[in-house]
Amino acid sequence: MAVKKKKIGSAGRFGAGYGKVKQKLIAVERKQRVKQECPFCKGHAKREAPSIWLCKKCNKKFASGAYHLKNQKTKK
Ligand SMILES: [Zn+2]
């Protein structure tokens, strides 16, 4: 029999259990991997701390979502 592959993506590191929570974590982490775009200059924003974002291009610091910028189009 073939070995089952993990379909759980980034949450695979937690192993068995926590099913529902893992699904939610995947949704969050998937958005994290998308490019976070600065709302001022469309440059690349970096997360300094939860919900604190810093844009390297225009040097603006702003608040948004804790794990990813709000109102962003996410590619699936
Ligand atoms: Zn910017």
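This is a predicted model: local features need pLDDT of at least 70, side-chain atom pairs count only at pLDDT 80 or more; totals for chains, interfaces and linings use all residues.
## Ground rules

Residues are numbered from 1 along each chain as its sequence is written, and side-chain values use heavy atoms, with hydrogens and water left out.

## The overall layout

The protein has one helix and three strands, and from the N terminus on they run α-β-β-β. Helices (H or I, at least four residues) and strands (E, at least two) are DSSP runs, numbered from the N terminus.

Buried residues make up 22% of the 76 residues. Here, buried means under 20% relative accessible area, exposed over 50%, and partly exposed in between, with a 1.4 Å probe and protein chains only. Taking the contacts (heavy atoms within 4.5 Å) with a separation of 6 or more, 18% come from residues 24 or more positions apart.

## The sheet

The three strands make an open, antiparallel sheet in the order β1-β2-β3. β1 and β3 (61-63) sit at the edges with a single partner strand each, so one side of each has no neighbour in the sheet. From one strand to the next, the twist averages 35°; angles run from 0 to 180 degrees between N-to-C directions, with axes fitted as lines to C-alpha atoms, for helices over the stretch in contact.

Two strands pair if DSSP finds at least two bridges between them. β1 and β2 pair over four bridges, and lysine 46 has leucine 54 in β2 as its bridge partner. The hairpin of these two strands has two residues between them, and serine 51 takes a positive phi near 70° there. β2 and β3 pair over three bridges, again in the antiparallel sense, and tryptophan 53 stands opposite phenylalanine 62 in β3.

## The zinc site

What holds the zinc ion? Its protein donors are Cys38, Cys41, Cys55 and Cys58, each through SG, at 2.2 to 2.3 Å. Donors are N, O and S atoms within 2.8 Å of the metal (3.2 Å for Na, K and Ca), and since water is not among the atoms, sites may look incomplete. Along the chain, the donors follow the spacing C-x2-C-x13-C-x2-C. Cysteine 41 lies in the loop between α1 (19-33) and β1 (45-49), while cysteine 55 lies in strand β2 (residues 52-55), 14 residues apart, so this pair links distant parts of the chain.

The site is tetrahedral, with angles of 105 to 115° among its four donor atoms. Cysteine 41 is partly exposed at 24% relative accessibility, whereas cysteine 55 is buried at 0%.

## Two side chains worth a look

Arginine 47 is in strand β1 and is partly exposed, at 32% relative accessibility. Leaving aside neighbours within four places in sequence, arginine 47 is in contact with Ile52, Trp53, Ala66 and Tyr67. A polar atom of the arginine 47 side chain lies 2.8 Å from the backbone oxygen of alanine 66.

Glutamine 36 is in the loop between α1 and β1. Buried or exposed? Glutamine 36 is buried, with a relative accessible area of 6%. Its side chain reaches the backbone oxygen of valine 34 at 3.0 Å.

Terms used:
Four donors count as tetrahedral if all angles lie between 85 and 135 degrees; four count as square planar and six as octahedral if opposite donors are over 155 degrees apart and all others between 65 and 115; anything else is irregular. A polar contact is a pair of N or O atoms within 3.5 Å; within protein, one must be able to donate a hydrogen and the other to accept it, and residues adjacent in sequence count only if both atoms are side-chain atoms.
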